[in-house]
Amino acid sequence: MTRDEILSAPSMPAFSPSYPRGPYRFMRREYLIITYETDPDALRAALPEPLEPAPGNLASYEWMKMPDSSGFGDYEESGSAIAATWNGEPCTYSVQMYLDDEPPISAGREIWGFPKKWGVPRLKVMKDTLTGTLHYDEERVAMGTMTYKHRSLEDRLDTVREGIGRLNVNLKLLPDVDGGVKVAQLVGYRLQDVTVHGAWEGDARLHLIPHVNCRVADLPVRRIVGGRHQIVDFTLPYGHVLHDYLA
Ligand SMILES: CC(=O)CC(=O)O
């Protein structure tokens, strides 16, 4: 393998790359998002400075089903996020994500610093209920339920689209070969070319079970604010560094 071939490999293994270069387009990505009030101390402990909590101590727990994702295929994902601010601008900070497909785990961690680990999430319509579950090491650690298409947001799809395009933030941490810290950054990105196929709101419930290696219950549920179901297309662009902890 020549130097040029090595430097043009999109990912490891260079001889059989895990994921290609972008653009990464997601078609008909389906979400169940349950927004809830959590414990302020737990929220602060999960949020890296200099991000600040947004008013209301709001967290969200979500399931995503991605049937057609360029470069990554067909997979499902689940995890938690916090409503925060970056220099006064509202943003969403990803706390932890669990999914069942290696390329988006590797790409997510290596490119944007998504906090991804292997888990087995499922999002299904079970009779009258939109139902999400997450299993980690064969134990069920999360279940979310929402009424199915009770209240359409058809007349507010522009607001839904704007919300999807807002600033998202990850904490990217990568070790150096000697075990020290090579990369420690807050990475920002905004989803682009968003098409909303449908969006609904409704009542929801969320059950999170403590697990030491899958800490979804460490942002406990104090009060459910509501559920959102949406089906969207978008492009995930490369990110940009908001803050470098090593600078
Ligand atoms: C590749 C990614 O990180 C995107 C996703 O799985 O949400």
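This is a predicted model: local features need pLDDT of at least 70, side-chain atom pairs count only at pLDDT 80 or more; totals for chains, interfaces and linings use all residues.
The protein chain comprises 247 residues, and its secondary structure amounts to four helices and 16 strands. Along the principal axes, the C-alpha atoms occupy a box of roughly 60 × 40 × 35 Å. The radius of gyration of the protein chain is 18 Å, in agreement with the value near 18 Å that a compact globule of 247 residues would have. Buried residues account for 33% of the 247 residues of the chain. When contacts between residues at least 6 apart in sequence are considered, 65% of them join residues that are at least 24 apart.

Among the strands, E7, E8, E9 and E14 form an open sheet of four strands, arranged in the order E7-E8-E9-E14 with antiparallel pairing. The edges of this sheet are held by strand E7 (120-126) and strand E14 (204-208); each has a single partner strand, so one side of each is left without a neighbour in the sheet. On average, and with direction ignored, neighbouring strands of the sheet are turned by 10 degrees against each other. The partner of E7 in the sheet order is E8, which spans residues 129-136 and pairs with E7 in the antiparallel sense over seven bridges. Within this region, Val120 is positioned opposite His135 of E8.

The surroundings of the ligand were examined next. The residues around the ligand are Phe72, Glu77, Pro104, Ala107, Gly108, Phe114 and Leu236. Helix H3, which covers residues 102-112, makes the greatest contribution to this shell, supplying three residues. Classified by side-chain type, the shell contains five nonpolar residues, one polar residue and one charged residue.

The C-alpha atom of Arg44 is separated by 29 Å from that of Asp100, a residue 56 positions away along the chain.

Conventions. Residues are numbered from 1 along each chain as its sequence is written. Two strands pair if DSSP finds at least two bridges between them. Helices (H or I, at least four residues) and strands (E, at least two) are DSSP runs, numbered from the N terminus. Axes are lines fitted to C-alpha atoms, for helices over the stretch in contact, and angles run from 0 to 180 degrees between N-to-C directions. A residue is near a molecule or strand if its C-beta atom, placed from the backbone, lies within 6 Å of it. Ala, Val, Leu, Ile, Met, Phe, Trp, Tyr, Cys and Pro count as nonpolar, Asp, Glu, Lys and Arg as charged, and the others, Gly among them, as polar. The radius of gyration is taken over C-alpha atoms; the globule rule is 2.2 Å times the number of residues to the power 0.38. A residue is buried if 20 or more other C-beta atoms lie within 10 Å of its own, exposed if 12 or fewer, and partly exposed in between; C-beta atoms are placed from the backbone. Two residues are in contact if their C-beta atoms, placed from the backbone, lie within 7 Å.
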